[in-house]
Structure formats: C-alpha cells, structure tokens
Amino acid sequence: MLSGRRLDLIDPSPLDIEIEDIAHGLARVARWNGQTKGDHAFSVAQHSLIVERIVAQEEPDPRCRLAALLHDGPEYVIGDMISPFKSVLGEHYKSVEKRLQRAIHLRFGLSPDLPAALERRIKKADRLSAYYEAVLLAGFSAAEAASFFGPANGMEPQDFAPLAASRAQEAYLSRFQEIDALLHPR
C-alpha cells in the first residue's frame, strides 16, 4: 500500500489497514468497469459516499454510517467486479472479500460481522445508488434498472456527476473524519 503497509490478502490484519489507503484505492476503482458517461470514472469511493448519505437519512448512528461508508472497503485491494462475474468466481472470491471486510471493521471499531438489519439497510441503499448509477451513468432505462436493482422509491438523484480521483479521495477522507469525530469526540 502507499502507506507502506503490507496487507496479506489471505489473512489480513486490522493493523495493516489505513483509511488513507482505502480512500486512495476506492477513488481509483471504477464502478461499472468504467463503462459510464463523463470525463471521469464513477468511483467506488463516490458510490460509498452516496450509500452512506442514504443510510444516514434513516439511521443517524455514526457506527451505522461508518459501516455504510466502508461497505465496499475490500475493493480498495481487490477491485470492483460486476456481480455476474463475482457469482462465477463463487466462494473463493466471497471468502477473501469477507476476510478483508472483517479486518476493516475491526480496524475501525466495528463488529467484524454487522447485525443483519444493518446489512439489509446498507444493501437497500447500495441498490438504490446502483439504480441511479445505471440510469444516469451507464445507459440503462429506468425500467431496466428497476428490474435489476428495484425501484427508486421516490428518492431524487443527487451528486452522481463523476469526480476526479483526487476529489473523490478527498471527499471520502473528509466524510470518514466527520463520522470518526462523532464516534471519538476530542
């Protein structure tokens, strides 16, 4: 990692995880394999910010907001693969992803395995963001996006203009620091 940390993908240690590495990596990983409109790729960092914002509307608990921000954290190391390909890779991919997610959670003071209700809330926000990404950035019709991700449920799209990697990284770090300040007031 750019921080100088060495991360074992098979047995990741929370001690080798830095938020700066996560922000840097996620800001440079393109959603939709880069097949989106705009001058810049729509990054996983930017997607994570939107998912966190959606979760925060219903759940002000900073621990839940942090979990939402970090929901795609493993992708800073293993990249973002489209869901059909993840299915083909099966349990090996899921196992590596889960070990990384647990290490990330532990590093930032979350339970290694989130409560099922929170997992569902984050997944719902993830799918809502994916719906708008599909329609606004990836060329899907509203009906096609709804068939894959469910309906938009009345949420108005916002902040889906792809950012430069440096801006997405900065925004991700800033949001992390805001949430961290709520969790650890000085």
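Residues are numbered from 1 along each chain as its sequence is written, and side-chain values use heavy atoms, with hydrogens and water left out. Because the model is predicted, local features need pLDDT of at least 70 and side-chain atom pairs count only at pLDDT 80 or more, whereas totals for chains, interfaces and linings use all residues.

## Pockets

A pocket is an open set of points on a 1 Å grid over the protein atoms alone, where a 1.4 Å probe fits and protein lies on both sides within 12 Å along at least five of seven lines; lining residues have an atom within 4 Å of a point. A volume is the space filled by probe spheres set on the points, which are joined across faces, edges and corners. Residue classes place Ala, Val, Leu, Ile, Met, Phe, Trp, Tyr, Cys and Pro as nonpolar, Asp, Glu, Lys and Arg as charged, and the others, Gly among them, as polar. Helices are DSSP runs (H or I, at least four residues), numbered from the N terminus.

| Pocket | Volume | Lining residues | Lining by class |
|---|---|---|---|
| Largest pocket | about 1,200 Å³ | 32 residues | 13 nonpolar, 5 polar, 14 charged |
| Second largest pocket | about 250 Å³ | 15 residues | 8 nonpolar, 3 polar, 4 charged |

In the largest pocket, Asp-72, Ser-83, Lys-86, Lys-123 and Asp-126 lie nearest the centre. Two or more residues of this lining come from each of helix H5 (83-89), helix H6 (91-107), helix H7 (116-136) and helix H8 (142-149).

For the second largest pocket, the lining residues closest to the centre are Ile-54, Lys-124, Ala-125, Leu-128 and Asn-153. Helix H2 (44-58) and H7 each supply at least two residues of that lining, and H7 gives the most, with 5 residues.

## Aromatic pairs

Rings of Phe, Tyr and Trp (its six-membered ring) pair if their centres lie within 6.5 Å; planes under 30 degrees apart count as stacked, over 60 as edge-to-face and the rest as tilted. The whole structure holds 8 aromatic pairs. Trp-32 and Phe-140 form an edge-to-face pair, because their ring centres are 5.4 Å apart and their planes stand at 65 degrees. Trp-32 lies in the loop between helix H1 (19-27) and H2, and Phe-140 in the loop between H7 and H8, so the pair ties together parts that are 108 residues apart in sequence. Trp-32 has 19% relative accessibility and therefore counts as buried (under 20% relative accessible area, with exposed over 50% and partly exposed in between, for a 1.4 Å probe and protein chains only).

A stacked pair is formed by Phe-42 and Phe-160, at 6.1 Å centre to centre with 20 degrees between the planes. Phe-42 is in the loop between H1 and H2 and Phe-160 in the loop between H8 and helix H9 (165-183), 118 residues apart. Both Phe-42 and Phe-160 are buried. Ring pairs also join Trp-32, Phe-140, Phe-148 and Phe-149 into a cluster.

His-105 is located in helix H6 and counts as buried at 2% relative accessibility. A polar atom of the His-105 side chain lies 3.2 Å from the backbone oxygen of Ser-111, and the side chain reaches the backbone oxygen of Pro-112 at 3.1 Å. Polar contacts of this kind are pairs of N or O atoms within 3.5 Å; within protein, one must be able to donate a hydrogen and the other to accept it, and residues adjacent in sequence count only if both atoms are side-chain atoms. Leaving aside neighbours within four places in sequence, His-105 is in contact with Leu-110, Ser-111, Pro-112 and Leu-114, where contact means heavy atoms within 4.5 Å.

Arg-63, in helix H3 (residues 62-69), is partly exposed at 38% relative accessibility. Beyond its neighbours within four places in sequence, Arg-63 is in contact with Gly-109, Leu-110 and Leu-183.
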